[in-house]
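Hello,

Here is the structure for you to look at.

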Amino acid sequence: MISRRQSLRNIAQAGVGAVALWQSGAFAAVYMEIAQAQKLLQPEANSFEPLALALDAARLTALAASTQTQVPRGYAPQCWAAFSGSTAVGWVLSDRTVGKYELIDYAAGFTADGSMTGLEILAYRESHGAEIRTPAWRRQFAGRKGAGQLRFGDDIRNISGATLSCQHVTEGAQRLSALAQSLSAAAKGLR
Amino acid sequence: MNPTFRLALIAAAVGACCHSPAFAQSNADIAAEMKRMREELAQVRGELETLKATKNQAPVAVVAPLHAAASTPVSAATVVPLVSGSAGSGLSLFGYGEMGYSRPRKDASNASATVGRGVLGWAYRFNDRTRMAAELEVENAVVSAGDKGEVALEQFYVEHDVQTASLGNISAKAGLFLLPIGYMNEVHEPTRYFGVNRNLVETAIIPSTWREMGVGLRGTTEAGLRWDTGVVTSFDLTKWSATSTDGQDSPLRAIHQEGQLAKARSLGAYGAVNFNGIPGFNVGGSVFAGGVGHKQVGFAAPDASVTLAEVHARWQPGRWDISTLAAAGRFSNVAALNATFAGQATPVPSNFGGAYVQAAYRIWQSGDYALHPFARYERLNTARGYDGLAQGLAPAIAPDTKALTVGANFYLHPQVVLKADMQKFQNNSALDKFNLGLGFHF
């Protein structure tokens, strides 16, 4: 039977051990840069060209209506077209959204027909809700096409204790998915 | 200077740094330089955007590829940060409020309504790794010498992320913070629980919102395991009153210190684990053990201690939200103190505990509106036995409180909820009541 003093001592020793393992210098919040995320989301692509998205007020209103989400103030996702040689294979879109108090940077990959290839968390700045970084949660996004297949609670399961982060990232993914659908439609229209 | 030219200069500078073989910079220096370049790049892109806008260029233009500089998803400097209430400074405001009306079924003359809680919180981000958070709460609307409200700091802590070699990313918290025990202690906004009032087990057994001062560590593994541990202040048994009913309502709430001139001769420690590796499913548990006697001279139980353990599970498949929790607590080394309470109404219990099961279902949703009916059954007892008191000197052990709560949460918006429920107490119908509530969080 471990006495309370002994357990406190054990915890203190574990704490000292943890601090000893501390390796400072790396920013704990940023997990990967966009270049690494691009490779993970579009493994067949070997070049990425930035693409400006024309998101004027009318398009943002249409986006909010089609995804049934509220577009955050200052919404400015970035887009890259992914190429394998000279063939376009899809897109990578990146965005940021609030978790509970802090911003989450994330990116999603899309195939040429607008299906999601995956979701990567680039930067996560809170201790609450860090579970959205687990592969098990992010795997839910692969293969989904369109905002209607990304409904929070129905299609994308929640993580207890991380509900706000899960919900906001899912809604952000819905918006990126809607943008990818319109990029895909525009690309098909040009062919 | 022309922004494009500046861009080229930056690219050349980064290129020069990368190709110089004898350039022995430390990791910290390179990181700092990259951060400075990132900031400068963001600023230059902002200027470029402004320039393009004023020249009325075609909106869909392919931006020149930015190969050399580290291209992060940081938007141009003109973007307004997506943080509520922020002026772009790292400060964010948040909060919640809940109010309710309660009418005992058998005694309408005791109907009451109160603004249960108004909470304003603020968080400030010092840098990517360091932040503080605080919550100020007003309970029951009015606080003065003659009023029954309460103003309190619910949380007040600094958090710092560290990256370790073997444990991955961990967060260290220091200050006054909520312990990661049960479900409601850390997440108790009105929009996040079912029913007008918080459940009995996590109010009477686990004294939500339970906060202590100390240091805590939290880590999350790639497999979805979240662990917490810490050393914090503990309860103060010298506050126990054997003549008041506070200890019967909630043993731990009656002796909590909440960072208010807390006795700290005895400390407590906690550990918690939660598994969230399967989306929609959570299972976990926690333990708290702390000295409550503080070795006080002249106190009958200077070595008294308390241990509280709980386990919980939650499953959210589709529209369902099913959860369960069980908690049990034990006071040790209180026999001598109880001997001094012989014949009085509220000695210190040796054991107390409870459990609940709850199910909710999202029966209807349209845009932001949603309706979630729910039902919860809970069973608890704040005193299952007394140490140090012979039969006859101790009060009779009360039967377990058994309560059934049935009602619904109606969301006008995910952050605004109207609530109604009915509560039936199997062993004491005088407590049966009908409740209405309103809550929101931002």
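Asp236(B) is buried, with 3% relative accessible area (buried means under 20%, exposed over 50%, partly exposed in between; 1.4 Å probe, protein chains only). Its partner in a salt bridge is Lys263(B), at 3.0 Å from N to O (a side-chain nitrogen of Lys or Arg within 4 Å of a carboxyl oxygen of Asp or Glu). The pair links distant parts of the chain, 27 residues apart. Lys263(B) counts as partly exposed, at 28%.

A note on the source: this is a predicted model, where local features need pLDDT of at least 70 and side-chain atom pairs pLDDT 80 or more, while totals for chains, interfaces and linings use all residues. Residues are numbered from 1 along each chain as its sequence is written, chains are lettered from A and ligands numbered from 1 in the order written, and side-chain values use heavy atoms, without hydrogens and water.

Over all chains, the structure holds 31 salt bridges. One of them pairs Glu102(A) with Arg125(B), the closest N and O atoms being 2.9 Å apart. Glu102(A) lies in a loop of chain A and Arg125(B) in strand S2 of chain B, so the pair joins two chains (strands are DSSP runs of E, at least two residues, numbered from the N terminus). Glu102(A) is buried, at 5%. Arg125(B) is partly exposed, at 26%.

Another salt bridge joins Arg151(A) and Asp155(A), with 3.0 Å between the closest N and O atoms. Here Arg151(A) is partly exposed, at 41%, and Asp155(A) is buried, at 16%.

Best wishes

Note on methods. Helix = DSSP H or I, 4+ residues; strand = E, 2+ residues; numbered from the N terminus.
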